[in-house]
Amino acid sequence: MVAVRRRDGGRFDANPTRVAAINGFYDFRAEDGEVSKDVERFLAQVVEGPASSALAAIDASGRPPAPGSDERHAIASFIAFQMVRTPERRAEMMLAESVAVFLDGRQLTDDLMAEYLELVHLGFKPSTREARAAAMWVGYQLNHLDPGTTEMTIRIMYDTATTLTPTLSDMHWSLAVDRKERLITADQPVLIWKRPSPRDAYLGVGIQSADEIRVPLDPSKQLVLRHRSRPEVIRLSSDDVAACNFDIATRCHAFVVASPRQSTIVEAVPLRERGPVVRFDVGFRYERDERGRLMKTEDEILHTWLSRL
């Protein structure tokens with residue numbers, strides 16, 4: 001396989017069984033003090049095993065699994081875990097710990113938060129309001145919650161994935177096919193996509209608000225989940241493929257991945273130096289009075305979202 005890094009555009013050959021693997025990513029200390037591999041065994045036996053058989057059935061039939069079938073549930077569970085088990089997701093959950101390391105014993109202030117956002121998180125100078133909002137969010141976590149740990153992120157991963165699975169299974173599934181085998185994938189393999197909008201400046205996108213959830217299976221096909229019905233099988237045009245590849249490259253965490261035959265395709269996909277990150281905002285809460293007028297209150301609302309770019 002061929003992979004291209006986001007940070008510098010560097011290209012390297014990758015082993016398909018190791019390109020997205022991180023040694024010890026799910027390790028944690030058990031009560032006896034030993035390093036536990038229980039999570040890796042669970043994922044292999046309970047999530048990946050059934051999904052592998054269900055994906056093979058898609059290859060054989062050329063269609064997505066039927067609603068309500070065991071195969072459908074197995075792949076929905078696999079997609080859910082793929083959404084939450086990435087390094088990007090763990091970094092989001094452990095942002096407060098990252099800030100604590102940056103502070104190195106210093107007291108958190110809006111100015112230090114702005115410095116962290118610029119140097120580490122965003123790559124550009126944040127607005128005063130965003131720095132204040134981020135300081136509020138991180139400060140609460142540092143002062144009132146336990147610091148992020150691998151065990152905590154694993155528990156959140158499991159709880160989130162099991163909650164998402166039935167929602168994904170109940171969506172309308174299509175198999176989008178490219179006979180010329182030009183689809184690429186990335187280290188963030190599940191793409192939650194919505195049409196670009198001015199609201200992207202202050203709103204993220206989730207399963208309920210997404211237009212599509214795309215899951216590349218191989219260079220010739222991807223699953224597409226929607227809230228509205230579409231044909232079970234869809235043929236992708238050249239423009240469709242180019243748009244899908246652009247979107248998944250935009251959303252990747254560190255690199256995109258393709259087969260050796262796609263080297264020219266993957267090299268042509270533009271990669272920004274930084275990917276999407278959590279953004280912050282804060283503002284006064286408004287409520288309607290008895291005449292229906294919006295009135296500003298003294299309360300503030302803290303808002304976070306994942307940027308589109």
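This is a predicted model: local features need pLDDT of at least 70, side-chain atom pairs count only at pLDDT 80 or more; totals for chains, interfaces and linings use all residues.

1. Arg285 belongs to strand E12 (residues 278-288) and Asp299 to strand E13 (residues 294-306), so the bridge ties together parts 14 residues apart in sequence. Asp299 is also partly exposed, as its relative accessible area is 39%.

2. Next, have a look at Arg63 and Glu232, whose side chains meet in a salt bridge at 2.9 Å, N to O. This pair links distant parts of the chain, 169 residues apart: Arg63 is in the loop between helix H1 (38-61) and H2, and Glu232 in the loop between strands E9 (221-226) and E10 (233-235). Arg63 is partly exposed at 42% relative accessibility, and Glu232 is partly exposed at 36%.

3. For a buried example, turn to Asp178 and Arg182. Their side chains form a salt bridge of 2.8 Å, N to O, and both residues are buried.

4. The structure holds 15 salt bridges. Glu212, Arg214, Arg226 and Asp247 are joined in a network of them.

5. Finally, helix H2 (residues 70-84) passes a simple length check: at 1.5 Å a residue, its 15 residues should span 21 Å, and the end C-alpha atoms are 22 Å apart, which agrees. H2 is mostly covered, with 12 of its 15 residues buried; among them are Arg72, Phe78, Phe81 and Met83.

Conventions:
Residues are numbered from 1 along each chain as its sequence is written. Side-chain values use heavy atoms; hydrogens and water are left out. Helices (H or I, at least four residues) and strands (E, at least two) are DSSP runs, numbered from the N terminus. The expected span of a helix is 1.5 Å times one less than its number of residues. Buried means under 20% relative accessible area, exposed over 50%, partly exposed in between (1.4 Å probe, protein chains only). A salt bridge is a side-chain nitrogen of Lys or Arg within 4 Å of a carboxyl oxygen of Asp or Glu.
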